[in-house]
Amino acid sequence: MNLKNILRGFVVYFGLVIIVSAVVSYLYSLVAHGHGTIDWQSSFRLAIILGIALPIVSELERKKG
């Protein structure tokens with residue numbers, strides 16, 4: 001596994017996931033409760049988890065295949 005690729009993947013996935021999850025939580029809050037607030041705790045937590053998991057999985061698949 002190449003640590004450079006994993007770190008680069010973490011930054012990319014973290015950025016994408018935090019943006020998407022913030023938008024989704026804002027829209028859910030707007031539709032369900034009538035006021036748009038972003039749940040930053042959940043967005044940040046999800047971004048960290050997927051930011052770690054997805055680059056490792058893709059690096060393992062690249063190494064396997």
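What share of the 65 residues in the protein is buried? In this predicted model, buried residues make up 22% of the 65.

Let's look at how the chain is built. The protein has two helices and zero strands. With a radius of gyration of 15 Å, well over the 11 Å that the globule rule gives for 65 residues, the protein is more spread out than a compact globule. You can see this in the C-alpha trace too, which spans about 50 × 20 × 15 Å along its principal axes.

Now for the pair of helices. Here is where each one sits in the chain:

| Helix | Residues |
|---|---|
| H1 | residues 3-33 |
| H2 | residues 40-64 |

The axes of H1 and H2 come within 7 Å and cross at roughly 145 degrees, and the crossing is right-handed. What kinds of residues make up the contact of H1 with H2? They divide into 17 nonpolar, six polar and two charged.

If you take the contacts with a separation of 6 or more, 67% of them are between residues 24 or more positions apart.

Is Arg62 buried or exposed? Its relative accessibility is 53%, and exposed means over 50%, so Arg62 counts as exposed. Arg62 and Met1 are 61 residues apart in sequence, yet their C-alpha atoms are 9.1 Å apart in space.

Finally, the surface: the protein exposes about 4,900 Å², and carbon and sulfur atoms supply 71% of that area.

How values were computed:
Residues numbered from 1 in each chain as written. Predicted model: local features only at pLDDT ≥ 70, side-chain atom pairs only at ≥ 80, totals over all residues. Heavy atoms only, no water. Axes fitted to C-alpha atoms, helices over the stretch in contact; angles between N-to-C directions. Helix = DSSP H or I, 4+ residues; strand = E, 2+ residues; numbered from the N terminus. Left-handed = near helix turned anticlockwise from the far one by under 90°. Nonpolar A, V, L, I, M, F, W, Y, C, P; charged D, E, K, R; others polar. Rg over C-alpha atoms; globule rule 2.2 N^0.38 Å. Buried < 20%, exposed > 50% of the residue type's maximum accessible area, 1.4 Å probe, protein only. Contact = heavy atoms within 4.5 Å. Areas by Shrake-Rupley, 256 points an atom, 1.4 Å probe, with all protein chains shown as cover.
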